[in-house]
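Please view the sequence and the structure before reading the points below.

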Amino acid sequence: MTGGVIQSIDYAAVAAPLVLALVAGLVLLLDAFLPARPGGARMLGLVTLGGLVAALAVVAVQAAGGGTRRTFCVPASLGGAPAPGRAAPASCSFVADRFSLLIAAVVLAAGVVVVLLSMTEIAAERGGGSAKCGDGPAERGGSAERGGSAERGRIPAGEWYFLLLATLTGAVLLPASRDLIMLVVSLELVSLPVFALTALKRHDGRAAEAALKLFLVSVVSTAVTLFGVSLLYGVTGSVHLDRIDAALRATGDTAGSTAGDMVRVTAVAIVLVAAGFAFKIAAVPFHFWAADVYRGAPVPVAALLSVVSKASGFAGLILLLTSALLGRAALWAPGVAVVAALTMTAGNVLAMRQRAAVRLLAWSSVAQSGYILAPLAVYAVAPRAAVGASVAYLVFYAAMNLIAFAVVLLVARLPEGQDLEAYRGLALRSPAAGLSLAFALVCLAGLPPGLAGLFAKIVVFRAVVDGGLGWLALVMAANTVAGLYYYITWTARLFAPPAAGESRTVATRTAAGVAVAVALAVTVVFSVVPQVVLSVTG
């Protein structure tokens, strides 16, 4: 300890993101210095996969050990407004509790699936001789045989896996962040590598357009978020979430014109910060980028955006609302309810008009964001139930979407594979892929035998109804019926007779098959032991 600041670091608390960061550096070194040889890209994928499994094991050990680990702490003597009637405790920037560990587990499990999908994509492109995807320096031997133009069009595997690990590092850091600076930095660490991942599909105009749109949206959202964060800091004089809440409560108890000005500034700050996170989770009215970006990005990147980026965005939003702005719940809760209703409605209406699988999943993802947001609107009435319901739905949504994207990746290899008509008779031609996708769609619709999706929707409905928002429950019910239309229509195509002369089967590659198995396992585990999710708020 020097000058009143705690310098010691609990490396056990930060072990998971530290493992990911070290493996990211290792991937870059291997890509740069290993001699060119066949199978180099696959080896980099396996190293990345090993790092994710190691980080997941660290999270499992921390969860089994119980308790909460904190580090990067600031003593109460260094400032911050105490809550009325008690002294301010030490505030920490990194807290590994049940909430952060659960989100980290979801992110890492999704990361395993995304890496497997990436290995499938790279292997398929190389095997098919396509210029869409390829390998890094470890695989660049023999360019004379492949041709210069094909080599220039390849995705460098080393850069791909490094950027993927960087995104996952930020996604693991974000739910454990407990100050504004660390929240913003972690959020940008999640977002920035995704631009490059999208644009690594070289000489593809659609991918370049998607990367540019994602970049512009993210820049705007970051600027809005930073403006809101600066206002919060100006009002409270602190960056730690617990001290912000204490300072806002103290401001609310103060009379006078100055206090009134502070309340108005705080309201503007809440709107700006919430708007910044609304961009990240594709909530209305900041959702227009989703379909074009998902469609232009490689399928593994679309899955990454749909699950990992969305999970981290929701984690940050939940932390801000329930930790830093808890005392202002009466101010932000009605806005969250309205945004949730608009988001699920817009997503479902736009999804019903889609004829491309990835665009349909994109708008479906927007609609699902509305369901995840809905319970937060009743946080002031039932805090534990609200956060538990949102996180439960997020977990189930993540597993279902990963299954869907894994099958979409396989079908996309067929001619016209982006169109929904390519899925006609898939369950008859390729039972494993067809039945897996059918299960995911039924779960997303919330129908039996998809018990995971049914359970998730019941939990959300119960939280909203118990919180007294009957109108929001009615909007959710209407949107659930609307969602049935496109989910069931797509499912029906899977079992319809194939078109005349259509006999092509989907080549189920090992990595994609394992990806589906991992997502199914996550779904089954949390369906059998739902209290694991519902108890995240302690």
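The link of Cys73 and Cys92 is right-handed, with 100° about the S-S bond. Cys73 lies in strand β1 (residues 69–74) and Cys92 in strand β2 (residues 91–96), so the pair ties together parts that are 19 residues apart in sequence. The model is predicted: local features need pLDDT of at least 70, side-chain atom pairs count only at pLDDT 80 or more, and totals for chains, interfaces and linings use all residues. Residues are numbered from 1 along each chain as its sequence is written, and side-chain values use heavy atoms, with hydrogens and water left out.

**Disulfide**
- The structure holds 1 disulfide (a pair of cysteine sulfur atoms within 2.5 Å).
- The sulfur atoms of Cys73 and Cys92 are 1.9 Å apart.
- Both Cys73 and Cys92 are buried (under 20% relative accessible area, whereas exposed means over 50%, with a 1.4 Å probe and protein chains only).
- Strands (E, at least two residues) and helices (H or I, at least four) are DSSP runs, numbered from the N terminus.

**Nonpolar core**
- The largest nonpolar core has 169 residues (a set of buried Ala, Val, Leu, Ile, Met, Phe, Trp, Tyr and Cys residues joined through side-chain atoms within 4.5 Å).
- Helix α15 supplies the largest share of this core, 20 residues.
- Tyr161, Tyr423 and Trp490 have the most contacts inside the core.

**Individual residues**
- Ser390 lies in helix α15 (residues 383–411) and counts as buried because its relative accessibility is 0%.
- Leu22, in helix α1 (residues 15–33), is exposed, with a relative accessible area of 57%.
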